[in-house]
Amino acid sequence: MTQFISMLIAALYAMLLQNLVFSAAYGITESVKIAKRPKYLVMCAFSVGVFSAATAVICRLLDNVKFVAGLSTAVHFLIYAGVLVMLYLIGGGFCVAVLKADKKFMNSLGMCALNSLVLAVPLLNASANYTIIESVGTGIGAALAFLLAVLLINAGIRHIAGNESIPKVFRGTPALLIYVSLLSLAFSCFTGESLFL
Amino acid sequence: MKKKTKRKHLKLSTALFKGGYIHNPLLTQLLGLCPIIMAAISVKNALCLSAVFALLLVVNEVIASIFLKNMSRWVRVSLYTVISAGILALVLSKINQEASAALGVYLPLLCVNAIIVVRCEKFAIRTNVLNSVYDAVANSIAFLVVAFLVGLIRQVLSTGSLFGLQTPFKNPGMAMPFAGLVVLGFLAAIHKWSVMNFYPDELVDTFSLKGAFEKPVLVDPGLNTKQERAHKKQFKEERQEFDRIRPRYSIEDVESSLEEKRAQKKKEEES
């Protein structure tokens, strides 16, 4: 029960208090891209969750090995990237061979698995010295943060796209960036950092 | 067979103009925003990021254009990450601790930067090495310019100093991610204004909000292969049936029917 609660706290922390997309900009490109056409939203969020949780767990297990623990930061990072790529290749191979996934699905899978959000999770776990259970929680939290970000951006995009009161120069990309910045400002309130002197 | 590109000889000036300015990957396509938003809070950080990014992009595009043309896309995407991670590990071991600490996790995260994947997939694998190098240089310069401007503005507004000179502004909030997004938003607006005024024919809203009205779908169509196959089969059968029933016209028949129609029109006009 205690372990479940610690996992839940880690997930909620990654989703709300320190929303990984808005407060740290991890995977913001992918969030915006999927918010524009959210056809594969649930699949993408699920993929992010699976890959980030699995990478986090494997990397934490490897960190506990004495030989790996003594290596430099650069080698640690190389190991994390290697684990992520291996998981992606296994998952991709499974989807192609068993599920007969189409090209579009595989493109989305690549985007969801190999992004800054997924790779940031093991790096953050290592810097915060999380346990394996907490690492799983961070992975799930990353997926929930991604889902929340996509839904919020998608809701805003629908208003921006049909709004003719926006000046011509700001329509499209600039308006979207400023909208995302407002969301980021809203989430930064949870972090406790001071905006002004 | 792979499609061969029409752009056999790309000029560096064309690559810089089209790839770097008109279709700026950061300001029009919103690619690779993560390091710019979080790490470009000073000019030094921005220059450091841009240098590493340029190295990664050039190497990846060259390798993609030489070796990776015959692989399937989903395998290639992972190879870009592996190549970038290898280079970054070398960079991280050589770079001094101060610069590495200032950039934090955002320097290693460059290995999964979206610009690298997109440029390699959309351009490098369809063209020769020289064109790939030009494209990589153009995109690196575009990244450098945007990162430098964002870093400069945020450094001035957040620390109140620039190269030892004091400025009246000092607001630590400008180092936060929302400020990076605001600065990028205004830069995107300036970029759009300049293209609209000076090159109106070239204006393409790459990040158009065409599909924005789609609502999130809670069913995964990618994995539902059985239904998809059944649908394709049904479509094929219907098409075959349609082809069988459809009356076959010869060219002469079509011409005669057209003549009839023309004659009818003439009659109507006369009447």
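What pLDDT does chain B average, and what share of the residues score at least 70? Chain B averages 80, and 77% of the residues reach at least 70; pLDDT is the predictor's confidence in each residue, from 0 to 100. This is a predicted model, in which local features need pLDDT of at least 70 and side-chain atom pairs count only at pLDDT 80 or more, while totals for chains, interfaces and linings use all residues. Residues are numbered from 1 along each chain as its sequence is written, and chains are lettered from A and ligands numbered from 1 in the order in which they are written. The scores for the model are ipTM 0.90 and pTM 0.81.

Staying with confidence in chain B, helix α3 (residues 43–67) has the highest mean, 93, and helix α9 (residues 225–245) the lowest, 60. Over residues 209–223 of chain B, pLDDT stays under 50. The model has 36 contacts beyond four places in sequence for that stretch, a contact being two residues whose C-beta atoms, placed from the backbone, lie within 7 Å. Where pLDDT is low, the predicted coordinates should not be read in detail.

Next, the chain B fold. There are ten helices and two strands, in the order α-α-α-α-α-α-α-β-β-α-α-α from the N terminus. Helices (H or I, at least four residues) and strands (E, at least two) are DSSP runs, numbered from the N terminus. Of the contacts in chain B with a separation of 6 or more, 77% are between residues 24 or more positions apart. Of its 271 residues, 38% are buried, that is, with 20 or more other C-beta atoms within 10 Å of their own, again placed from the backbone.

Now the interface. In chain B, 57 residues are in contact with 65 residues of chain A. On the chain B side, α2 (33–39), α4 (73–94) and α8 (177–198) each supply at least two residues, and α4(B) gives the most, with eleven. That side divides into 39 nonpolar, twelve polar and six charged residues. Ala, Val, Leu, Ile, Met, Phe, Trp, Tyr, Cys and Pro count as nonpolar, Asp, Glu, Lys and Arg as charged, and the others, Gly among them, as polar.

Last, helix α9 of chain A, residues 173–191. Its 19 residues reach 27 Å from first C-alpha to last, close to the 27 Å expected at 1.5 Å a residue, taken as 1.5 Å times one less than the number of residues. Its buried residues include L176(A), L177(A), I178(A) and F187(A). Their cover includes α2 (28–36) and α8 (132–161) of chain A, together with α8 of chain B. Just after α9(A), G192(A) takes a positive phi of about 85°.

Conventions
A residue is buried if 20 or more other C-beta atoms lie within 10 Å of its own, exposed if 12 or fewer, and partly exposed in between; C-beta atoms are placed from the backbone.
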